[in-house]
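Hello,

Here is the structure I said I would pass on. My notes on it follow below.

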Amino acid sequence: MPMELRSPAFAPGGAIPAEFTCEGANVSLPLGWSGVPEGAVTLLLTCDDPDAPQGVFRHWAVYNIAPTLDGLARGEVVAASAVNDFGKPGYGGPCPPRGHGLHRYVFRLAALNGRIEATASARCADIRNLARPMEIASAELIGTFGR
């Protein structure tokens, strides 16, 4: 069974509710997943905006998530968080420049065959680079938001 990532907050390709953006509470959205392969030691969850004006903007990276979990509740923190491109650790919700149109937000769950060893100041891109050689499976969920 392939990995699957979903959210009760929005349909795949649908609009992300304002509650989970800089226009609302800016709290992480609920996510669920299935199909984590045997051999997964940890999970990595990321959120990137590939439509940002200066290139990919990294909103979130949560790593060393226990592979026995099957999701995260609204605002839940269960593992280490990297520093996002807003310069803060943890979740930074969708917040495209006003008038820049609709942006895509790619939530990605990766199953890893090892643990990520990083400092508290590690950025999302650093975590992604450390995870890449350990990745054994992944799933994506894309949502949209514009201001």
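A residue is called buried when its relative accessible area is under 20%, exposed when it is over 50%, and partly exposed in between (1.4 Å probe, protein chains only). This is a predicted model, so local features need pLDDT of at least 70, side-chain atom pairs count only at pLDDT 80 or more, and totals for chains, interfaces and linings use all residues. Residues are numbered from 1 along each chain as its sequence is written, and side-chain values use heavy atoms, with hydrogens and water left out.

Phe 10 sits in the loop between β1 and β2, and Phe 107 in strand β7, 97 residues apart. (Strands are DSSP runs of E, at least two residues, numbered from the N terminus.) Phe 10 counts as buried because its relative accessibility is 6%; for Phe 107 the value is 0%, so Phe 107 is buried as well.

Strand β3

Which strands pair with β3? Strand β7 does so in the antiparallel sense over 7 bridges, and β4 in the antiparallel sense over 6 bridges; pairing takes at least two DSSP bridges. Leu 44 has Ala 110 of β7 as its bridge partner, and Leu 45 has Val 62 of β4.

Regards

How values were computed. Helix = DSSP H or I, 4+ residues; strand = E, 2+ residues; numbered from the N terminus.
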